[in-house]
Amino acid sequence: MDGVAQLQKQLVDYTASLFQEGFLDEQFNQLQQLQDESNPDFVVEVVSLFFEDSERLLNELAKALEQKTIDFRKVDAHVHQFKGSSSSIGAQRVQKVCIAFRNYCEEQNIEGCLKCLQQVKHEYSLVKSKLETLFKIEKQLIAAGGSIPT
Amino acid sequence: MAITGQVLRRNLPENVEVFDDSPSGSLELHVLAVDDSVVDRMVIERLLKISSCKVTTVESGTRALQYLGLDGEKGPVGFDGLKVNLIMTDYSMPGMTGYELLKKIKGSSVLREIPVVIMSSENVLARIDRCLEEGAEEFLLKPVKLSDVRRLKDFITRGEGKDSGERSNHKRKREDDYASSSSPSSLTSPSPSPPSSSSSVLSASPSSSSASSSSSSARMSKRAKLRNKD
């Protein structure tokens, strides 16, 4: 079946590029290992949860950094959470920005923090759209009667 | 690991065969996972379920203690019907940290025999030491992998008498270390475990001092293992 083979190749290539460009790391592979016939949507589910949680954290961060007097410990706490969840799903570039972000929090560097907030928003929206594309290809593949290569 | 074995036997109904049987599959551990991150709770739950464990997840140390029946007047019978064989807790949590939870559990005559594993995204030696000294069985670096859970499960269910490769080497090292160390130093932190469970080899060896220059090689090998994690 040409259609399936093509989609499979597209999926494999696209996934590989995400790894190559550092959007995803090994932890994403770990998640895929946790998916099976009894839990066929695990990766989509956990990533969706990540999206929800991230949006909440980004809102909290924006709010915290808008305050007249910034509570850096609070900011750091949110970044720490964001770092953790991005690490748990393998969103490497987001995680890396979080590390830099935490350093600025420790230094109580407002400008650094604001810069990092923009960066992390950017990286997050990139990885979000990449993962959504990935899931779309998977969906097409399954609809065409194929299965996700392991 | 006779002590751990006894703990598990006590916790299971009579008709369930324990690890006298062939490994993995015949014994379903019930794990209580504590993590404030909703994403991590989902991942750890899946990691444990795919490793054939029963899982209960809670979002905080307070909730964990409630579940274990340790807060309020519930007393030892408040296990929600299902005994807990292992507690895995995140270290950094708002309110009660994993370390504080660990202390409360090890400080409870009812719960102290339940193995506790700490998970953390931060590889801080002082933190790791502190947790091991307080009686944590293991300190896992996040993100937790399937291989970590498998190894943990093996350790909890197999105990002594079974050759679990790396694990038994680990144990042997510690036992040798214990036997050969002359520990004249008074720098040992007080062992939190009661005499009956202090033979749990993988928790802090009471003979090891906490001074950096004379750390037990066993703890160092565990640290080294943690540091070599990918």
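Analyst: The answer below begins with the sheet and then turns to its surroundings.

This is a predicted model, in which local features need pLDDT of at least 70, side-chain atom pairs count only at pLDDT 80 or more, and totals for chains, interfaces and linings use all residues. Residues are numbered from 1 along each chain as its sequence is written, chains are lettered from A and ligands numbered from 1 in the order in which they are written, and side-chain values use heavy atoms, with hydrogens and water left out.

Chain B holds an open sheet of five strands, paired in parallel in the order β2-β1-β3-β4-β5. Strands (E, at least two residues) and helices (H or I, at least four residues) are DSSP runs, numbered from the N terminus; two strands pair if DSSP finds at least two bridges between them. At the edges of the sheet stand β2 (54-58) and β5 (138-141) of chain B, each with a single partner strand, so one side of each has no neighbour in the sheet. From one strand to the next, the twist averages 20°. Axes here are lines fitted to C-alpha atoms, for helices over the stretch in contact, and angles run from 0 to 180 degrees between N-to-C directions.

Strand β3 (residues 86-90) and strand β4 (residues 116-120) of chain B run parallel and are joined by four bridges. Within this pairing, V116(B) in β4(B) is the bridge partner of I87(B), while V117(B) in β4(B) stands opposite M88(B). Five of the five residues of β4(B) are buried, where buried means under 20% relative accessible area, exposed over 50%, and partly exposed in between (1.4 Å probe, protein chains only). V116(B), I118(B) and S120(B) point one way from β4(B), whereas V117(B) and M119(B) point the other way.

D90(B) counts as buried because its relative accessibility is 7%. Leaving aside neighbours within four places in sequence, D90(B) is in contact with V34(B), D35(B), D36(B), G98(B), M119(B), S120(B) and K142(B).

Chain B also meets chain A, in a contact that takes 16 residues from chain B and 23 residues from chain A. Together the two chains bury about 1700 Å², 62% of it on carbon and sulfur atoms; buried area is the accessible area (1.4 Å probe) that two parts lose on being put together, summed over both. On the chain B side, V39(B), M42(B) and R46(B) lose the most area to chain A, together 36% of what that side buries. The rule finds two salt bridges across this interface, a salt bridge being a side-chain nitrogen of Lys or Arg within 4 Å of a carboxyl oxygen of Asp or Glu. The side chains of R102(A) and E122(B) meet in a salt bridge at 2.9 Å, N to O.

Key: Contact = heavy atoms within 4.5 Å.
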